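I opened the model to look up a few local features. My entries are kept in the order in which I checked them.

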Amino acid sequence: MEQKAKAVICREINQPVVVEEILVEAPRRGEVMIKLAACGVCHSDLSATNGTIPFPPPVVLGHEGAGKIIAVGEVVTDYKVGDHVVSSFVSMCGKCRYCQTGRPQLCDQAGKAATTLPDGTLRTRDLAGNPLNIFSGCGVMAEYATLHIDNVVKVDQQMPLDKAALIGCGVMTGVGAAVNTAKVDPGSIAVVFGCGGVGLNTIQGSAIAGARMIVAVDTNDGKLEMARKFGATHVVNSKNEENVVKTILKLTDGGADYAFECVGLGEIAAQAYGVLRKGGTAVVVGVAGPKDMTSIRTASLTFGEKTLTGSYFGSARPREDFPRLIGLYRAHRLKLDELISHTYTIDQAPQAFADMQAGRNARGVIIFE
Ligand SMILES: NC(=O)c1ccc[n+]([C@@H]2O[C@H](COP(=O)([O-])OP(=O)(O)OC[C@H]3O[C@@H](n4cnc5c(N)ncnc54)[C@H](O)[C@@H]3O)[C@@H](O)[C@H]2O)c1
Ligand SMILES: [Zn+2]
Ligand SMILES: [Zn+2]
């Protein structure tokens, strides 16, 4: 059964998003149709509208959604109508070398089909009949979406869907960068550059892992105030610093064990690397534009045994990690309610993007009827 659905679309690069009615096809083999309850607005959605993430428009945005299954396609046995699910913007094919070795975040299949379902086809088109691309196998900033089961994770029915949605990107990415990728040690020092939806979660992930000192860095005092609520022990507004690296080296008495780039700029990745002490690890979480380059002092890698690495989707194993995060939320160890700083109707989606750009939100969340 095909569904008409309002959806948030990037029609043209460097133009505001538009809300349009689209058609969402019934699920085929191995697919499910979801009626979305909520979808968070991530900076990566914005990056898809300005070429930083080069997805060809038109694209149905959204990769941080949660909702209920309303139809299942052939051979779907593990999911049924009524199940609650969260989207996963990496598809987990289960067969490639990365899935087989416990790193589904690097699944080969997901890389091949960045703006379609895993098999390269689409279930989305506009009212004129033209196909619409989808953001990373998802396109869940819409009232309905048809996804492959490799892009969905079943969650407990008791978990509120607006909070569950956030796990689909920002929370998993941020907490996972600290816990899965960096494996932050108890008693260590962490520095987090960028305190948006992702960075705030990197801060709380570092706190959960037991870091003793967590320095939050941002250019916006409002974000730094939020950072304290999520576990930052120190804050630095880099706008007020002549040399932010020097300031942090002094503050940390010689440097950080872990530093995270959660902005999406090579220049900040170099700062993250620059604040490390010997043996430290810098993790690039932000997504920089395709032409962005950075450089580091090569010999410092050798003499300081430093590590510079990336983290995609918090090195998630979504089917294992989503339930863990929900468990932490229930145990009052993971803040999700506090992340939702503003909610929007789907018609207000352009405002949600503007508010994110203006730095007004921890996370803005679109709530569907
Ligand atoms: N690795 C992944 O899997 C993954 C997943 C989701 C998002 N991302 C990326 O992570 C980045 C952050 O996403 P978000 O949703 O948290 O964005 P956001 O817009 O909510 O937050 C970005 C923060 O960076 C701050 N900032 C901007 N310029 C800065 C500077 N020069 N120095 C310090 N802080 C600065 C802003 O004030 C803001 O608080 C984006 O690049 C996004 O594409 C990566
Ligand atoms: Zn995201
Ligand atoms: Zn795979």
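The entries below cover the metal site, a helix, a sheet and the aromatic pairs.

I am working with a predicted model, in which local features need pLDDT of at least 70, side-chain atom pairs count only at pLDDT 80 or more, and totals for chains, interfaces and linings use all residues. Residues are numbered from 1 along each chain as its sequence is written, chains are lettered from A and ligands numbered from 1 in the order in which they are written, and side-chain values use heavy atoms, with hydrogens and water left out.

Metal site. I looked up the protein donors of the zinc ion (ligand 2) and found C42 (SG), H63 (NE2) and C169 (SG), at 2.0 to 2.3 Å. Donors here are N, O and S atoms within 2.8 Å of the metal (3.2 Å for Na, K and Ca), and since water is not among the atoms, sites may look incomplete. The spacing along the chain reads C-x20-H-x105-C. C42 sits in the loop between β3 (31-41) and α1 (43-47) and C169 in helix α4 (residues 161-181), so the pair ties together parts 127 residues apart in sequence. Helices (H or I, at least four residues) and strands (E, at least two) are DSSP runs, numbered from the N terminus.

Helix α4. I count 19 of its 21 residues as buried, so α4 is largely enclosed by the rest of the structure. Just after α4, K183 has a positive phi of about 50°.

Sheet. I traced an open sheet of six strands, ordered β13-β12-β11-β14-β15-β16, with parallel pairing; two strands pair if DSSP finds at least two bridges between them. Its edge strands are β13 (234-237) and β16 (307-310), each pairing on one side only. β11 (residues 189-193) and β12 (residues 213-218) pair over five bridges, and F193 has V217 in β12 as its bridge partner.

Aromatic pairs. Rings of Phe, Tyr and Trp (its six-membered ring) pair if their centres lie within 6.5 Å; planes under 30 degrees apart count as stacked, over 60 as edge-to-face and the rest as tilted. I get four aromatic pairs by this rule. The F55 and F135 rings have centres 5.1 Å apart and planes at 85°, so this pair is edge-to-face. F55 and F135 are 80 residues apart, and both are buried. F313 and F322 are also edge-to-face, at 6.1 Å centre to centre and 80° between the planes. Ring pairs link F89, Y312, F313 and F322 into a cluster.

Key. Buried < 20%, exposed > 50% of the residue type's maximum accessible area, 1.4 Å probe, protein only.
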